[in-house]
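Hi,

Here is the structure I promised to pass on. Have a look at it first, and my notes follow below.

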Amino acid sequence: MATDLPIRGGKGGTDFRAECAPGSYLIGLEGRNGAWVDQLAPVCAPWRWDLRAFGPMVTGSLKGTSTGGVFNKLTCAPDQAITGWYLFPAIGPNRKEPTYISVIHARCDRVEPPLLSRRKMKYLSFGCAGSLDCLRGLPRETWEEWCPPGELAVGIYGRAGLFVDAIGLICGDRPIALAPPASTVNPLAKAPPPPPAVGMNPAVKAPVPTDDMFTIVSPTNNDHVPPEQLIIMATAPKVGRTDVTEVELKFLDAPPAQRDSYPYTTVFSVNTQQLLEGYPVAQIVTGGYVGRWQVRARSSMKAIPGPWSFPVQFQLVREQSAPSQPPPPPMVQQAPVPNSSVTAPPATSPPSQLKRSPFMVQPRGVEGEPAAPAEAPAAEETH
């Protein structure tokens, strides 16, 4: 689900839409600018729950074909994403109405509340080369757009031709909610016992999940699944379940140095009830990479996420791979092949193995019925 804010700017150009990958957010802008924006591309990154910061950045395709102006790339702080912006119009030659976008003054906000220290929000002024002095000579008319409460920018859309004519923000849900306030604990009450440690069942020698762990039931270990048919299903933990669950997918056949980077490892949020019923994973999440993958899940939407489930390894294949079938048993020879030394079967062979002679006499009263087609003799007889 996405919220498209209105497009602001001129009327020229052709439509474009550039969204971040699922689980990623708009953390910066890249392109070229002079008197107005020549080219523009979104800079996206996935939210890392374990780091409470954004992961490796990915730059989308540039919109606008002009190669003028200077190169510019601006990004938010590691734990911030764009939540809105001020747009300053530019009036082209011999025009009286806004024609292009001149400056984008975007605001970055923290995804989570500060944990240790308070960090101020950051502004990105794309088109001013880091200085706001250029804003003094621009028209006073500006547009401002802000994502709804609880949402962050997840892409841009608009119109572009030689330059960026008009632009708008695409907003989506934040990766997590604000941390709840600390609960009041009665000092006289006994602290609850810690959850049992993960142990081993001596009967089956397999790890036993704790009560606060998910269990992945689909896919199963060593499953072969086409990318477009990947469905993840899990059983809920006995305690600590929340309405939102984190799911991690990791491409095990990626180069070792890049295995933990986007897009080979991605963490995204899903509705817990949908995960229990079977969550279909869009092919864009895995990129369609064929090979070995690993999936695991844990409870989220709380100050301390739950433990990860035991990982399940499976393979993405280009088409459904059926398990190999054993070769069919060889045909039993019922009669010797011509010029063969094998003798004919004895007369006591089961009736199901006998061959009917083409010269068998039909019963009486069936002269008017057509005769059944004769079968070839099983083998040549020597008289």
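Let me start with a cysteine pair: the torsion about the S-S bond of Cys-147 and Cys-171 is about -75°, so this disulfide is left-handed. Before I go on, please keep in mind that this is a predicted model. The two sulfur atoms of Cys-147 and Cys-171 are 2.0 Å apart. Cys-147 sits in the loop between strand 12 (143-146) and strand 13, while Cys-171 is in strand 14, so the link ties together parts 24 residues apart in sequence. Both ends are tucked away: Cys-147 is buried at 11% relative accessibility, and Cys-171 is buried at 0%.

With a torsion of about -70° about the S-S bond, the Cys-20 and Cys-44 disulfide is left-handed. Here Cys-20 comes from the loop between strand 3 (14-19) and strand 4, and Cys-44 from strand 5, 24 residues apart. Cys-20 is buried, with a relative accessible area of 11%, and Cys-44 is buried at 8%.

Then there is Cys-76 with Cys-108, S to S 2.0 Å. This link is left-handed too, with -70° about the S-S bond. Cys-76 lies in the loop between strand 8 (70-75) and strand 9 (80-90) and Cys-108 in strand 10 (100-110), so parts 32 residues apart in sequence are tied together. Both of these cysteines are buried.

Now for the rings: there are eleven aromatic pairs. In one of them, Trp-36 and Phe-163 have ring centres 5.6 Å apart and planes at 75°, so the pair is edge-to-face. Trp-36 is in the loop between strand 4 (24-33) and strand 5 (37-48), and Phe-163 in the loop between strand 13 (151-160) and strand 14 (164-173), so this pair bridges 127 residues of sequence. Both Trp-36 and Phe-163 are buried.

By contrast, Phe-251 and Tyr-289 are stacked, at 5.4 Å centre to centre and 20° between the planes. Phe-251 is buried at 6% relative accessibility, whereas Tyr-289 is partly exposed at 30%. Elsewhere, the charged end of Arg-17 sits over the ring of Tyr-157, 5.6 Å from its centre.

As for the whole chain, you'll find two helices and 24 strands, and 39% of the 383 residues are buried.

Cheers

Note on methods. Residues are numbered from 1 along each chain as its sequence is written. This is a predicted model: local features need pLDDT of at least 70, side-chain atom pairs count only at pLDDT 80 or more; totals for chains, interfaces and linings use all residues. Side-chain values use heavy atoms; hydrogens and water are left out. Helices (H or I, at least four residues) and strands (E, at least two) are DSSP runs, numbered from the N terminus. Buried means under 20% relative accessible area, exposed over 50%, partly exposed in between (1.4 Å probe, protein chains only). Rings of Phe, Tyr and Trp (its six-membered ring) pair if their centres lie within 6.5 Å; planes under 30 degrees apart count as stacked, over 60 as edge-to-face and the rest as tilted. A charge sits over a ring if NZ of Lys or CZ of Arg is within 6 Å of the ring centre and within 35 degrees of the ring normal. A disulfide is a pair of cysteine sulfur atoms within 2.5 Å.
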